[in-house]
Amino acid sequence: MSAPTLTTDTHSTAQAPATPTTAGDAARRRRPAPATGLSLLKQGAQNGGRALWRPGAILLFLLLWELGPLYLAPSSTRVFLPPLHDVLGALGALIAKGQLQNHLVASLTRSASGFGIAVVSAVVLGLLVAWYGALDRFLNPLLEVFRNTAALALLPVFTLLLGIGETSKISIVAYAAFFPVLLNTIAGVRTVDPLLIRAARSLGLSNFTLFQKVILPSAVPTIFTGIRMAGTSSILVLIAAEMVGAKAGLGYLIVNSQSSFLIPEMYAGILTVSLLGLAVNYLLVGVERHFSRWRTAVGSGNG
Amino acid sequence: MTHSPIPKISLQSVGKTFTVRPTKDAPAGSTLTALDGINLDVAAGEFLTLVGPSGSGKTTLLDLLAGLTRPDTGKVLLDGKEVTGPGKDRAVVFQQYALFPWRTAAANVSFGLEGPGQDGKRLSRRERAEKARTYLDLVGLAGFEDRYPHELSGGMKQRVAIARSLAYEPEVLLMDEPFAALDAQTREQLQEELLRIWRTTGKTIIFITHGIDEAVYLGQRVAVLSSRPGRLKEIVPVNLGDRTGDIDIRSDAAFVEHRHQVWALLHDEVLKAQQAGHAKILPDGTAPDEAPQPTSGKAA
Ligand SMILES: Nc1ncnc2c1ncn2[C@@H]1O[C@H](COP(=O)(O)OP(=O)(O)OP(=O)(O)O)[C@@H](O)[C@H]1O
Ligand SMILES: [Mg+2]
């Protein structure tokens, strides 16, 4: 979809310097009032602008972060909102000392373990629930209650029962990641095209083969959508859990820096968390896309 | 066409009734007779086309033959033995292609070759790929083995579906309006090819269609179903002589006459259906004109 626009762009930029008069003529003929130079300028700005438009908001935000505390905020606020270069400096120092890596590894280990446990158990349970209607009717009310209980609301319970060690953190991550995967697995199995089931059944396939060859492959893209959502929420919940009680991890880094009044370090931790979140999301979107390749036609047809 | 001792397919006073879910008007639920007292013999190697107004139970009949559902009354016999379920001796081609979108064309064709075949033997991966290629070639899709269904046109998809049903070498081909979604040219081309395949493989084919032309062109006999409940109204034998020639059969006098005969039969039924208000069918499958029968009465 973007390809045609791109070619028109290169076409007009290549032509504009070579034939300035024709371009100007055309502009004058269309609208007599504005000057020729202005329209050229406008076009140039448009082409440059388009390249800047996508990262524009981010650049603007970073600029505001850098300049705002220096020139706009009163000096009392500046302490709590250091300019960007201070934060980057702190980040560099943390990396140089190897502290950031340690916290990152601690967080990653926990979220990966919890996430892995959640994905495996939720896919298995989801397949069972979707396949056995009786199990679904039995479990659904309970699942509905748990699903609508915010994971973080249960954090004190996890801490009370499992202590403040790794177990409680991995558990709460697993809990938070469990439901998106479960619900998407169930939905994926439920939405298999009945015609495909009929086609497979007409071949005399057994229930097990039908499941393995038709239902599972057809549900895989939806399951991976759930896995991507779970990845995002597992990091979210982990940071919160680490803020409450931990001796390492990014959440701990943030809270500990705050209480030690190392404000730039605190922001460095926050920055790392958002970069980590972005990275995980991109990775999982890539994985999801890979497993939905055969569905691409459907997607591009709609969009 | 009952000159062979045991017909390939035999329907003996077959009836099928559906239970309609309870609605506001009929809270107790009701039953809907989709097929009633169908008697039909199809000889081995015969090409039978089946026409009927929408909702007359054509798909229901096909499902019974495929073994996807069981009749409520009567018997469905295949080679003299009662059909108890689906099997690889029959293949179904559906109107909406029903290809597995995550499988390439070749993998779709070899779907029915995985697992034990009719003789209980398993094919190796190589043999399956070989067969898939052969059958894709047969339907004119050589070189498209690695394409995914979304990369194929409607006509190509239906060719893959036909190749898939032929690949595991069933004796009976059941086709439910397979060409309905295709443009006229592709349809004619595929009709031609289906006849060629039928002649070379000698399969028994039951072909459902909305098109009278198609029914007369393809079928050795055209079975006409009445509007609901579906009963066999008449079977029109088609005799068009030698069809292998280069002449345009469709403008032949005999063709036109057969075509008119089927049209008149069908037109009657469509009118009847309309007069009865069947044109107005509610989403739940009930027609407002239909006196709903209480579930207990008919089902017992
Ligand atoms: N599973 C079902 N439950 C209830 N009613 C059904 C069911 N399947 C079919 N019917 C009803 O049986 C009747 C026959 O349906 P069928 O699909 O066989 O018609 P058809 O002749 O194939 O129609 P078309 O030409 O439109 O495909 C219809 O009135 C339909 O509403
Ligand atoms: Mg039908």
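In the predicted model, a polar backbone atom of Gly55(B) lies 2.9 Å from an oxygen atom of ligand 1, a polar contact being a pair of N or O atoms within 3.5 Å. The model being predicted, local features require pLDDT of at least 70 and side-chain atom pairs pLDDT 80 or more, whereas totals for chains, interfaces and linings use all residues. Residues are numbered from 1 along each chain as its sequence is written, chains are lettered from A and ligands numbered from 1 in the order in which they are written, and side-chain values use heavy atoms, without hydrogens and water.

Two side chains also approach ligand 1. An N or O atom in the side chain of Ser54(B) is 2.5 Å from an oxygen atom of ligand 1, and a polar side-chain atom of Thr59(B) is 2.6 Å from an oxygen atom of the ligand. Of the 630 Å² of accessible area that ligand 1 has on its own, the protein covers 68% (Shrake-Rupley method, 1.4 Å probe). Strand 2 (30–42) and helix 1 (58–66) of chain B are the elements giving two or more residues to the shell; helix 1 of chain B gives the most, with three residues. The shell comprises four nonpolar, eight polar and three charged residues.

In chain A, helix 5 (residues 84–96) packs against helix 13 (residues 263–291) at an angle of about 80°, with the axes 8 Å apart. Helix 5 of chain A is therefore roughly perpendicular to helix 13 of chain A, a term applied to angles of 65 to 115 degrees.

Conventions:
Axes fitted to C-alpha atoms, helices over the stretch in contact; angles between N-to-C directions. Helix = DSSP H or I, 4+ residues; strand = E, 2+ residues; numbered from the N terminus. Parallel < 35°, antiparallel > 145°, perpendicular 65-115°, else oblique. Polar contact = N/O pair within 3.5 Å; in protein donor to acceptor, adjacent residues only side chain to side chain. Nonpolar A, V, L, I, M, F, W, Y, C, P; charged D, E, K, R; others polar.
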